[in-house]
Amino acid sequence: MAILDILTYPDPRLYKVASPVDDVNGDIRRLVRDMAETMYDAPGIGLAATQVDVHKQVIVMDLSEDKSELRVFINPRILNSCGTQDYEEGCLSVPGVYDTVTRAEKVTVEALDEHGKPFTLEAEGLLAVCIQHEIDHLLGKVFVEYLSSLKQSRIKNKLKKRQRERV
Ligand code: QAP
Ligand code: CO
């Protein structure tokens, strides 16, 4: 297993659109394991392949307290959504930044698991937020894009400044 490097906003590679996985093979299962290890190490509750510069439709997520409920979504599609909810989101690619985003309250998502088996899941609350946040990454979208352009430019400047200071 390996811990992968996570891209930091506004890295242009975060805007790439991920391609569907056509074969859930050993390479994909290794990617899933490495992404899970990277997410647990961070620690975070969700990670999309885009964030580790792999532009395939793969998401890992674990909302449990004790890292016991890894969820894997390959080629996820939202079939249905309803309602709205506000949630204060963060992102491993936007460290130290949290802000409120309005999303659907409930979503029905269809995806493949790490064995290539299709499943359908009805999600609400935080799970629904996390699924929508991670699917956005696969579409090249970061949650800060829902904020005002003033906030976006402040966040960009803050993170660029921090990166300059680190190297
Ligand atoms: C996405 O986010 C999410 O700023 C997953 O310094 C977040 O795992 C979906 C993290 C909230 C729904 C609601 C962020 C870790 C982790 C940071 C994460 C940080 C360290 C974020
Ligand atoms: Co994110």
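This is a predicted model: local features need pLDDT of at least 70, side-chain atom pairs count only at pLDDT 80 or more; totals for chains, interfaces and linings use all residues.
1. Buried means under 20% relative accessible area, exposed over 50%, and partly exposed in between. Asn25 has a relative accessibility of 27%, so it counts as partly exposed. Asn25 is placed in the segment before helix 1.

2. Start with the ligand. Which pocket holds ligand 1? Ligand 1 sits in the largest pocket. Around ligand 1 there are 19 residues. The closest are Gly44, Ile45, Gly90, Gly96 and Tyr98.

3. Next, the make-up of that shell. It divides into 12 nonpolar residues, 5 polar ones and 2 charged ones. Two elements each supply at least two residues of the shell: strand 4 (85-89) and helix 2 (125-138). Which of the elements gives the most to the shell? Helix 2 does, with 5 residues.

4. For Ile45, a backbone N or O atom lies 2.8 Å from an oxygen atom of ligand 1. For Gly96, a polar backbone atom is 2.8 Å from an oxygen atom of the ligand. Tyr98 uses its side chain: a polar atom there lies 3.0 Å from an oxygen atom of ligand 1. On its own, ligand 1 has 510 Å² of accessible area, and the protein covers 83% of this.

5. Turn to Ser93. Where is Ser93 found? Ser93 lies in the loop between strand 4 and strand 5 (99-103). Is Ser93 buried or exposed? Its relative accessible area is 0%, so Ser93 is buried. The cut-off for that word is under 20%. A polar atom of the Ser93 side chain lies 2.8 Å from the backbone oxygen of Leu7.

6. Check the peptide bonds before two prolines. Tyr9 and Pro10 are joined by a cis peptide bond, with omega about 0°. Pro10 belongs to the segment before helix 1 (26-41). The bond from Ala42 to Pro43 is also cis. Its omega is near -10°. Pro43 is in the loop between helix 1 and strand 1 (46-48). A reader stepping through the chain can find one cis bond at Tyr9 and Pro10, and another at Ala42 and Pro43.

7. Two residues call for a look at phi. Lys67 has a phi near 55°, which is positive in a residue other than glycine. Lys67 is placed in the loop between strand 2 (58-61) and strand 3 (71-82). Asn75 has a phi near 50°, again a positive value in a residue other than glycine. Where does Asn75 lie? Asn75 is in strand 3. At a relative accessible area of 15%, Asn75 counts as buried, because the cut-off is under 20%.

8. Back to helix 2, with Ala128. This residue is found in helix 2. Ala128 has 0% relative accessibility and so counts as buried.

9. Lys106 comes next. Lys106 lies in strand 6 (residues 106-112). Is Lys106 buried or partly exposed? It counts as partly exposed, because its relative accessibility is 38%. From Lys106 to His137 is 31 residues along the chain. Their C-alpha atoms are separated by 19 Å.

10. Last, the start of the chain. Met1 is in the segment before helix 1. Met1 has 69% relative accessibility, so it counts as exposed. The limit for that word is over 50%. Met1 and Met35 are 34 residues apart along the chain, and their C-alpha atoms are separated by 9.2 Å.

Technical notes
Residues are numbered from 1 along each chain as its sequence is written. Chains are lettered from A and ligands numbered from 1 in the order in which they are written. Side-chain values use heavy atoms; hydrogens and water are left out. A residue is near a molecule or strand if one of its heavy atoms lies within 4 Å of it. A polar contact is a pair of N or O atoms within 3.5 Å; within protein, one must be able to donate a hydrogen and the other to accept it, and residues adjacent in sequence count only if both atoms are side-chain atoms. Accessible areas come from the Shrake-Rupley method with a 1.4 Å probe; for residues, only the protein chains shown count as cover. On a 1 Å grid over the protein atoms alone, a cavity is a set of points where a 1.4 Å probe fits but cannot get out, and a pocket is an open set with protein on both sides within 12 Å along at least five of seven lines; lining residues have an atom within 4 Å of a point. A molecule sits in a cavity or pocket if more than half of its atoms lie within 2 Å of its grid points. Helices (H or I, at least four residues) and strands (E, at least two) are DSSP runs, numbered from the N terminus. Ala, Val, Leu, Ile, Met, Phe, Trp, Tyr, Cys and Pro count as nonpolar, Asp, Glu, Lys and Arg as charged, and the others, Gly among them, as polar. Buried means under 20% relative accessible area, exposed over 50%, partly exposed in between (1.4 Å probe, protein chains only).
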